[in-house]
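Please look through the structure below before reading the report that accompanies it.

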Amino acid sequence: MKSILVPVGQQDCRSSLMLAAEVAKHLGSLIEGIPLREPPVPSVDWGMGSAFVIEEPAPDDDHVEAEARTQFLAAMAAGGVSVSAGPPPAGGAAAIWNETKPIGNHGLGRLARAFSLTCIPHPARRPNAMATFEAALFESGGPIMMAPNDCPIRVGGCYALAWNGSDETARTLTFAMPLLRQAARLVILADESGQFASPSGGQIRRKLALEGIEADLRLLPEGSVMSGKTILEAAEAEGCDILIKGAYTQSRLRQIIFGGATQHILGNARMPLFMAH
């Protein structure tokens, strides 16, 4: 996980930038920052007995790039990551700024395929941020990380893996292996309900043990590993610093309409998240 992409828009991206800095320092990675063009947020006004939508004009690309670059450089300085033009020093982290025109969300999804990890702003309660989250999640072909604003960020401590037996979670586990090899502790949250007729938490624990990764197994009540509330409560009770989970292992449309584990976790997590689809 030696290459990390971080899109920087006009909104406050400190959480994703600081998370990228901590991961890079832990794994000796190169961070590449890139300006993100965020669409204007429409507002509703009233007049002549009817409502109409007003869209603020989008700022020009030079202004977006300059603001994003300033935010990136300040965050890297605060996070203790040097900005340079070359690869990271042996065993250390470095960062570069991509001086290009701002890209949109679909461009971000495509560019992210050239990186091991994409750190994005947390989508909760942020206008238009859900579109950035979905582009990185569904179009990158790789994992993403995000952190709620002002949450503690500790990389290399205790991680929780929410194992529900799905192919999305199996893929996420594979992507997370470089992080897991450096973790102080790993807790597998699972139940034995046979979701997706897939391997049990015990079998995943054995798989990881054969890879040299020891893990504790915490069995939850039957079926509750599909509950975002239960997953978060269990991860917090175990003192975990990061939650690893497959995203939208149930239908995305179903979760939007009826709710689901991913939707609940995005809205309520107080720790960084590592996800893939």
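Predicted model: local features only at pLDDT ≥ 70, side-chain atom pairs only at ≥ 80, totals over all residues.

Residues are numbered from 1 along each chain as its sequence is written, and side-chain values use heavy atoms, with hydrogens and water left out.

**The chain as a whole**

The secondary structure comes to nine helices and 13 strands, where helices (H or I, at least four residues) and strands (E, at least two) are DSSP runs numbered from the N terminus. Of the 277 residues, 50% count as buried; buried means under 20% relative accessible area, exposed over 50% and partly exposed in between, with a 1.4 Å probe and protein chains only. Among contacts (heavy atoms within 4.5 Å) between residues at least 6 apart in sequence, 79% join residues at least 24 apart.

**Nonpolar cores**

A nonpolar core is a set of buried Ala, Val, Leu, Ile, Met, Phe, Trp, Tyr and Cys residues joined through side-chain atoms within 4.5 Å. The largest such core has 46 residues, of which Ile 31 and Leu 180 touch the most other members. Helix 1 (residues 14–27) gives the most to this core, with seven residues. Apart from this core lies another, of 28 residues, which includes Val 187, Ala 234, Tyr 248 and Met 271. When neighbours within four places in sequence are left aside, Leu 180 is in contact with Tyr 159, Leu 173, Leu 186, Leu 208, Ile 213 and Ile 244.

**Helix 7 and helix 9**

The axes of helix 7 (residues 228–237) and helix 9 (residues 261–268) come within 8 Å and cross at roughly 50°; axes are lines fitted to C-alpha atoms, for helices over the stretch in contact, and angles run from 0 to 180 degrees between N-to-C directions. Helix 7 is therefore oblique to helix 9, given that angles under 35 degrees count as roughly parallel, over 145 as roughly antiparallel, 65 to 115 as roughly perpendicular and the rest as oblique. On the side of helix 7, Gly 228, Lys 229, Ile 231 and Leu 232 meet Ala 261, His 264, Ile 265 and Asn 268 of helix 9.

**Single residues**

Ile 4 is found in strand 1 (residues 3–8), and leaving aside neighbours within four places in sequence, its contacts include Ala 20, Val 23, Ile 31 and Phe 115. The C-alpha atoms of Ile 4 and Ala 21, 17 residues apart along the chain, are separated by 9.3 Å. Asp 150 is found in the loop between strand 8 (144–146) and strand 9 (158–162), and its phi is near 65°, a positive value in a residue other than glycine.

The table lists the relative accessible area of some residues.

| Residue | Relative accessible area | Class |
|---|---|---|
| Ile 4 | 0% | buried |
| Thr 118 | 1% | buried |
| Cys 158 | 6% | buried |
| Cys 240 | 8% | buried |
| Asp 150 | 77% | exposed |

**Cysteines**

With a disulfide taken as a pair of cysteine sulfur atoms within 2.5 Å, the count comes to zero disulfides. Cys 158 is in no disulfide, and the nearest cysteine sulfur, that of Cys 240, is 3.4 Å away.
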